[in-house]
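User: Please go through the helix packing and the core of this protein with me.
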Amino acid sequence: MHPEIEALLDHAETRFLKNEELAIFKRYAATLAQRLKVYEFLRDKEVAIFQPIANQLQETFPQEKQENLERSLTHWLLALRHCAMAMLLNDSVFLKERLLDWLSGIVQAHQSQEIEATILKLLQARLKELLSEQALAILQPFLDQASTILVRPNS
C-alpha cells in the first residue's frame with residue numbers, strides 16, 4: 001500500500017483525518033479503479049506485449065546467444081510485472097525494494113545494457129500501441145524508474 005495511505009491509516013487510531021490528509025486519500029482512491037484496469041490489461045496481454053518484442057530482438061541481435069536474449073527479456077517481464085504492481089499500489093518504493101536493487105547488479109554483471117535498452121525501446125513502443133495515453137501516463141513513471149536502473153551505462 002502507498003506509504004502516505006499507510007500513515008493516514010495510522011493516524012486514524014488517534015483522530016479523524018485533517019482536510020489535507022483526506023485530500024491525499026481521495027486522490028489515491030480516485031485513481032484506483034483506473035490503475036486496476038491497467039494492471040489487469042497488462043496481466044492479460046503479457047504474451048501479446050512481449051512476443052513481438054522477442055521476435056524483433058532476435059532480428060536485431062542475430063549473433064547474440066539465445067540465452068542472453070532470453071535472460072534480458074525475462075528481466076523486462078519481471079520489471080513490467082513489478083512496475084504494474086507498483087503502479088497498482090502507487091508506490092515507487094515497492095519497485096525499488098522488490099526488483100531494482102538486485103536486478104540492476106545482474107544486468108551489469110552480464111553487460112547486457114545494450115540489449116536491455118533495445119527491449120525498453122521496443123516495450124515502450126508496444127505499450128504506446130496497446131494502451132491509451134491516460135493508461136500509459138499512469139504506468140510511465142514506474143517504467144521510467146525501471147529504465148533508469150536497468151539501462152544505465154556501466155559505472
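**Core and helix packing**

Of the 36 residues in the largest nonpolar core, those that touch the most other members are Leu 42, Trp 76, Leu 80, Leu 123, Leu 127 and Leu 139. A nonpolar core is a set of buried Ala, Val, Leu, Ile, Met, Phe, Trp, Tyr and Cys residues joined through side-chain atoms within 4.5 Å; buried means under 20% relative accessible area (1.4 Å probe, protein chains only). This is a predicted model, where local features need pLDDT of at least 70, side-chain atom pairs count only at pLDDT 80 or more, and totals for chains, interfaces and linings use all residues. Residues are numbered from 1 along each chain as its sequence is written, and side-chain values use heavy atoms, without hydrogens and water.

User: Which helix gives the largest share of this core?

Analyst: Helices here are DSSP runs (H or I, at least four residues), numbered from the N terminus. Those giving two or more residues to the core include H2 (19–44), H3 (46–60), H4 (66–89) and H6 (113–130). The largest share, 10 residues, comes from H4.

User: How are H3 and H4 oriented to each other?

Analyst: Their axes, lines fitted to C-alpha atoms over the stretch in contact (heavy atoms within 4.5 Å), are 11 Å apart. The angle, on a scale from 0 to 180 degrees between N-to-C directions, is about 150 degrees. Angles over 145 degrees count as roughly antiparallel, so H3 and H4 are roughly antiparallel.

Conventions:
Buried means under 20% relative accessible area, exposed over 50%, partly exposed in between (1.4 Å probe, protein chains only). Angles under 35 degrees count as roughly parallel, over 145 as roughly antiparallel, 65 to 115 as roughly perpendicular and the rest as oblique.
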